[in-house]
Amino acid sequence: MIDLRPAVDRMVDVVSSVADDQLALPTPCPDSSVGDLVDHVGTFAVRFREAAEKDVGDRSTPPPPPDGARLEPGWRARVADDLRALADAWQDPAAWEGTTWAGGIEMPAEVTALVALDELVVHGWDLAVATGHPYRPSEDDVRGATAFVSSFEAPRDGKLFGPVVDVGDGADGFDRLLGLTGRDPAWRPA
């Protein structure tokens with residue numbers, strides 16, 4: 001079992017610090033603004049909580065495309081609450097047993113938790129770097145996310161991860177993780 005609470009706490013800090021005038025800013029995710037990515041974070045928080053609780057509804061339904069226009073008044077508190085509920089759900093040992101569904105895909109529960117960790121760690125950085133906020137995940141979180149991401153063979157088509165970015169031999173573990181997901185650790189908004 002992985003404790004998702006530290007990664008959730010970092011994501012809550014980042015999401016809570018996003019200003020309304022930053023929602024249209026670009027992110028390292030092609031075709032996704034900050035608002036789109038916040039909407040995605042809110043959606044995956046609910047979907048992965050449901051996956052932990054094995055309450056997956058229509059299993060074949062992929063999540064809707066991210067759209068910042070869906071962010072309602074009070075979205076910061078809602079997303080923060082949904083993220084905390086996600087972390088709480090994965091504290092239950094039953095969440096880690098068997099298989100579950102997320103994003104229209106059936107996976108072993110422990111792999112689903114790694115997907116959630118990867119989403120938290122990498123999209124936390126995406127939002128932080130896009131909005132100029134500091135962000136540094138724990139080494140444990142980086143190792144867990146890297147274990148998931150490194151299981152996908154190159155070349156990447158950009159649907160789940162972009163093409164691997166060479167970050168150099170001297171890069172730390174977090175920069176290597178970003179490179180594996182198709183992100184340039186030096187990315188900054190234009």
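## A buried tyrosine and its ring partner

Y135 has a relative accessible area of 14% and is therefore buried (buried means under 20% relative accessible area, exposed over 50% and partly exposed in between, with a 1.4 Å probe and protein chains only). The model is a predicted one, in which local features need pLDDT of at least 70 and side-chain atom pairs count only at pLDDT 80 or more, while totals for chains, interfaces and linings use all residues. Residues are numbered from 1 along each chain as its sequence is written, and side-chain values use heavy atoms, with hydrogens and water left out.

F174 is likewise buried, at a relative accessible area of 2%. The ring centres of Y135 and F174 lie 6.2 Å apart with the planes at 50°, so this pair is tilted (rings of Phe, Tyr and Trp, the last by its six-membered ring, pair if their centres lie within 6.5 Å; planes under 30 degrees apart count as stacked, over 60 as edge-to-face and the rest as tilted). Y135 sits in the loop between α4 and α5 and F174 in helix α6, so that the pair links parts of the chain 39 residues apart (helices, H or I of at least four residues, and strands, E of at least two, are DSSP runs numbered from the N terminus).

## The aromatic pair in α2

The structure holds 3 aromatic pairs, and one of them, F44 with F48, is edge-to-face, at 6.1 Å centre to centre and 85° between the planes. Both residues belong to helix α2, where they are 4 residues apart, about one turn of the helix. F44 counts as buried because its relative accessibility is 3%, and F48 counts as buried at 7%.

## The nonpolar core

The largest nonpolar core has 54 residues, and L83, L120 and L127 have the most contacts inside it (such a core is a set of buried Ala, Val, Leu, Ile, Met, Phe, Trp, Tyr and Cys residues joined through side-chain atoms within 4.5 Å). Its largest share, 13 residues, comes from α4.

Leaving aside neighbours within four places in sequence, L120 is in contact (heavy atoms within 4.5 Å) with L4, A7, V8, M11, F44, L83, L86 and Y135.

## Packing of α4 against α6

The axes of α4 and α6 are 11 Å apart and meet at an angle of about 95° (axes are lines fitted to C-alpha atoms, for helices over the stretch in contact, and angles run from 0 to 180 degrees between N-to-C directions). The two helices, α4 and α6, are therefore roughly perpendicular to each other (65 to 115 degrees; under 35 counts as roughly parallel, over 145 as roughly antiparallel and the rest as oblique). On the α4 side D118, V121, V122 and W125 meet F174, L177 and L178 of α6.
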